[in-house]
Amino acid sequence: MLFNSLHFLLFFPLVVGFYFCLPYRHRWVLLLAASYYFYMCWKAEYLLLIVVSTLIDYGAAIGMESRESRAGKRLFLLLSLLSNLGILFAFKYFNFVNSSLRLVLTRFDIFYDVPAFKALLPVGISFYTFQTLSYSIDVYRGQRSAERNLGMFALYVAFFPQLVAGPIERSTRLLPQFYRRCDFDVERVGDGLKQMGWGFFKKVVIADRLAAYVNQVYNHPTDYAGLPLILATYFFAFQIYCDFSGYSDIAIGASRVMGFELMENFRRPYFAKSIAEFWQRWHISLSTWFRDYLYIPLGGNRVAKWRWYANLAAVFLISGLWHGANWTFVVWGGLHGFYLVVSLWTASLRQRVSDRLALDRIPGLLAGFRVLVTFHLVLFSWIFFRANSLGEAFYIVRTALTGFNLQQPLGLGRDQLALSVLSIGCLLAVNLLQRDRVMRSWLSARPIWIRWPAYQLVLVGILLLGVFADVDFIYFQF
């Protein structure tokens with residue numbers, strides 16, 4: 001089920017209505033049934049994968065808690081890791097590894113005829129796999145006790161607002177909320193609906209409008225050169241941000257309506273002043289997951305400098321693979337790892353240059369320059385993220401500037417271009433206004449003659465300018 005569908009607009013109010021009408025002790029049953037129905041609307045038989053993952057991790061956690069020795073606990077942790085990652089590998093990575101291996105062996109004239117695994121990639125498998133793995137690891141580390149209520153644990157794994165595209169929640173944060181009594185609160189419900197509204201605006205007015213041109217160019221890149229490739233790349237940067245952060249806003253807002261608080265997933269990432277800061281602002285639930293469960297266990301920055309750099313590179317390469325079974329994603333992750341290592345390696349040199357040029361004497365100049373550079377480094381990496389193949393990505397890199405001509409046709413009407421640019425400008429204006437405060441809080445402090453026109457403007461914008469075509473969220477494929 002898509003958030004941006006009529007189905008969801010009927011489903012969500014019904015779930016919320018019944019949720020607050022039911023006695024507190026029975027609400028989890030409704031939420032679990034609603035969550036399973038939400039996922040089954042996509043492909044019912046793949047719900048079995050979620051159920052299997054839930055049962056394995058539920059049993060593994062109890063097994064870990066019943067063992068006193070570290071070795072005994074480790075066996076159950078391995079059961080959780082191998083089963084979950086095995087399912088993830090089979091559905092998401094087997095064909096990628098298989099085809100890559102076939103390509104290499106064929107070049108050496110070695111016969112290889114292992115058939116492809118013909119199965120549709122389950123929606124959100126990377127998200128719920130990482131969410132349930134974090135639970136198993138936390139129990140192993142002794143950071144939480146094993147959950148004994150199977151139904152509550154199943155709800156944690158399958159909670160519908162964030163099931164298929166996050167935020168990736170930790171059991172230490174979300175599970176206790178399912179036991180907390182929560183009554184209907186007009187202010188909280190209103191706040192959640194406002195965040196959902198802004199999420200819908202970002203998705204259907206900005207992301208899906210930009211998607212039409214991005215898909216047109218990136219699905220046939222060799223038909224274009226120069227300016228259309230550059231424009232499509234800029235558009236994709238804002239499309240993916242509005243698409244993914246829009247989903248997060250809807251998920252967080254929907255949860256807040258029912259009384260649950262999910263973690264913040266985006267914090268104005270395109271205003272970051274460095275790549276490191278970008279990853280503190282972009283897909284925060286994933287970057288903190290990799291920090292806590294991979295980077296720190298590898299030694300983090302508490303090792304020799306070369307090993308520190310290797311840890312960073314490894315984490316970003318794995319992060320690229322997490323996003324998709326394609327070499328384009330590996331290169332995208334590798335680029336971000338390279339950016340981060342180079343920034344650390346050249347930090348003292350860049351500081352000396354800045355001091356020599358006295359760039360910090362002009363207020364905002366150095367910060368603005370750093371934001372601009374960081375954004376364009378991220379922009380360049382998005383080429384590999386969006387391209388359908390490495391060959392097409394390198395074509396775009398080669399021809400985006402060499403074929404540049406301001407007079408060439410864009411393949412985009414003036415009205416659509418104006419609406420697209422205006423929507424991006426609206427997004428940036430909101431980001432600038434909110435700074436350290438979320439826009440809802442900023443508006444709440446304004447007089448009613450400012451608040452209500454702003455709310456109505458968002459609603460009218462959705463109704464008049466929204467693209468209502470049940471367009472999938474980009475991160476559903478991960």
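Predicted model: local features only at pLDDT ≥ 70, side-chain atom pairs only at ≥ 80, totals over all residues.
Modeller: Residues are numbered from 1 along each chain as its sequence is written, and side-chain values use heavy atoms, with hydrogens and water left out.

Colleague: What makes a set of residues a nonpolar core?

Modeller: Such a core is a set of buried Ala, Val, Leu, Ile, Met, Phe, Trp, Tyr and Cys residues joined through side-chain atoms within 4.5 Å. Buried means under 20% relative accessible area (exposed is over 50%, partly exposed in between, with a 1.4 Å probe and protein chains only). The largest one here has 136 residues, and Phe 8, Met 258 and Trp 382 are among those with the most contacts inside it. Helix H9 (residues 227–257) gives the most to this core, with 19 residues.

Colleague: How do you know what Met 258 touches?

Modeller: Contact means heavy atoms within 4.5 Å. Leaving out residues up to four places away in sequence, Met 258 touches a list including Phe 12, Phe 160, Cys 182 and Arg 188.

Colleague: Why are H12 and H13 called roughly antiparallel?

Modeller: Helices are DSSP runs (H or I, at least four residues), numbered from the N terminus. Axes are lines fitted to C-alpha atoms, for helices over the stretch in contact, with angles from 0 to 180 degrees between N-to-C directions. Under 35 degrees counts as roughly parallel, over 145 as roughly antiparallel, 65 to 115 as roughly perpendicular and the rest as oblique. The axes of H12 (residues 305–323) and H13 (residues 327–345) come within 7 Å and cross at roughly 155°, so the pair is roughly antiparallel. By class, their contact has 13 nonpolar, seven polar and no charged residues. Here Ala, Val, Leu, Ile, Met, Phe, Trp, Tyr, Cys and Pro count as nonpolar, Asp, Glu, Lys and Arg as charged, and the others, Gly among them, as polar.

Colleague: Why is H5 called roughly perpendicular to H7?

Modeller: The axes of H5 (residues 125–141) and H7 (residues 171–178) come within 10 Å and cross at roughly 100°. That makes H5 roughly perpendicular to H7. Gln 131, Tyr 135 and Asp 138 of H5 meet Ser 171, Thr 172, Leu 174 and Leu 175 of H7.

Colleague: Why is H11 said to be largely enclosed?

Modeller: Because 11 of the 12 residues of H11 (residues 284–295) are buried, this helix is largely enclosed by the rest of the structure. Among what covers those buried residues are H5, H10 (275–281) and H12.

Colleague: How do you know that His 283 is buried?

Modeller: His 283 has 0% relative accessibility, so this residue counts as buried. His 283 sits in the loop between H10 and H11, and its phi is near 45°, a positive value in a residue other than glycine.

Colleague: And what about Arg 268, buried or exposed?

Modeller: Buried, with a relative accessible area of 13%. Arg 268 lies in the loop between H9 and H10.

Conventions. Helix = DSSP H or I, 4+ residues; strand = E, 2+ residues; numbered from the N terminus.
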